[in-house]
Amino acid sequence: MPDFKKILNTLYEETKQLSDTGKVATYIPELASISPNKFGICLLDIEKESYQVGNFDECFSVQSISKVLTLAMAMGIVGEKVWDRVDVEPSGDPFNHLSLLEQENGIPRNPLINAGAIVIADILVSELKDPKKEFLDFVHKISGDSTIRYDEKVAQSEKATGFKNYAAANLLKSYGNLKNDVIEVLDFYFYQCSLSMSCAQLCHTFYLFINRGRCMQNLEFLTVSQVKRINALMLTCGFYDEAGEFAFEVGLPGKSGVGGGIVALLPKRFCVTVWSPGLNLKGNSSRGMAALERLTTLSDLSIF
Ligand code: DON
């Protein structure tokens, strides 16, 4: 294994100096008040050794990173039936675009764009008695950490302002690809996005994606084939219209959120989470992308 401690310290100091650290998301009002200076990194290797720097232990809003976790939970419950209602192609569009959804008769391009994640939320609302509680229980189990919580203020803030998501859900409903009530499904979707987690907690949660479906406590949540598929989706669809750039510059499967977090991983080797709230024009953490580019360059590790 490379000297991750040294590499993290080096890339942290380098990327801290960057002048263009992007802009904090303001379209969800509650996210607008976060300091753009926050910057944390945690890396967890397959041997469960962890390395960290900066604000790695501070909770932030995971937002779209949660889409990977709801997908994992839905695949665990309904298996490959998920793909009857959501495709597995990159969209090349921003996360909240609706035009392809209309062109493609209400079948979202993939489960990591908003429309796809709303269909996954609908599946969980159909399958679970108390979706918000049971999803949080699932996150507690796979992370081994029962302190993880939703951020009520963030959930309510998005509920009051998430008009594009209401539009997406209504469009899905009009094509027959939403079985439950729009408001009920979006209530669950806004709560999943409001999960508040630190870089360290995200690494523990994503450990199962580097460990062939087994969590930190060695319990099996997904089959090897399911994990490979989710990792493939993170590579091709995890960064919306910047998925190509992320593969090109970083070379790892990963998922971003508008809270400024990025989780990326190298199967069987390590997972890493970076948090820096300033976003680039495509809605991905500016400093996070730069830091991960340095990580795969300095460690000479990527899926390629
Ligand atoms: O649906 C939304 O707009 C947010 N809750 C999540 C968006 C997000 O994180 C997009 N990703 N980078």
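Q: In which helix is the place of serine 286?
A: Serine 286 belongs to helix α12. Helices here are DSSP runs of H or I with at least four residues, strands are runs of E with at least two, and both are numbered from the N terminus. The model is a predicted one, in which local features need pLDDT of at least 70 and side-chain atom pairs count only at pLDDT 80 or more, while totals for chains, interfaces and linings use all residues. Residues are numbered from 1 along each chain as its sequence is written, and side-chain values use heavy atoms, with hydrogens and water left out.

Q: Why does serine 286 count as buried?
A: Serine 286 counts as buried because its relative accessibility is 14%. Buried means under 20% relative accessible area, exposed means over 50%, and partly exposed lies in between (1.4 Å probe, protein chains only).

Q: And what is serine 286 in contact with?
A: Leaving aside neighbours within four places in sequence, serine 286 is in contact with Asp20, Thr21, Gly22, Gly278, Leu279 and Asn280. Contact means heavy atoms within 4.5 Å.

Q: How many residues does α12 have?
A: Helix α12 has 14 residues, 286-299. From its first C-alpha to its last it reaches 20 Å, close to the 20 Å expected at 1.5 Å a residue. The expected span is 1.5 Å times one less than the number of residues.

Q: What covers the buried residues of α12?
A: The cover includes α1 (4-16), β1 (40-45), α11 (243-249), β7 (261-266) and β8 (270-275). Among the buried residues of α12 are Arg287, Met289, Leu292 and Leu295.

Q: What is found at the start of α12, and what follows the helix?
A: At the start, a side-chain oxygen of serine 285 reaches to within 3.0 Å of the backbone nitrogen of glycine 288. After the helix comes aspartate 300, whose phi is positive, near 55 degrees.

Q: Let us turn to β8. Where is threonine 273, and why does it count as buried?
A: Threonine 273 is found in strand β8. It counts as buried because its relative accessibility is 0%. A polar atom of its side chain lies 3.5 Å from the backbone oxygen of cysteine 199.

Q: What about leucine 266, in which strand does it lie?
A: Leucine 266 lies in strand β7, and at 7% relative accessibility it counts as buried. Not counting residues up to four places away in sequence, leucine 266 touches Ile210, Leu252, Leu301, Ser302 and Ile303.

Q: How many residues of α4 are buried?
A: Helix α4 is mostly covered, with 12 of its 14 residues buried. What covers them includes α2 (66-78), α3 (99-103), α5 (131-143), α7 (163-174) and α8 (182-193). Asn114 is one of the buried residues.

Q: Now the ligand. Which residues come nearest?
A: Of the 14 residues around the ligand, Tyr27, Gln63, Ser64, Glu158 and Tyr189 come nearest. A residue counts as near when one of its heavy atoms lies within 4 Å.

Q: Which polar side-chain atoms lie by the ligand?
A: One belongs to glutamine 63, 2.6 Å from a nitrogen atom of the ligand. Another, from asparagine 114, lies 3.0 Å from an oxygen atom of the ligand.

Q: How much of the ligand does the protein cover?
A: The protein covers 99% of the 340 Å² of accessible area that the ligand has on its own. Such areas come from the Shrake-Rupley method with a 1.4 Å probe, and for residues only the protein chains shown count as cover.

Terms used:
A polar contact is a pair of N or O atoms within 3.5 Å; within protein, one must be able to donate a hydrogen and the other to accept it, and residues adjacent in sequence count only if both atoms are side-chain atoms.
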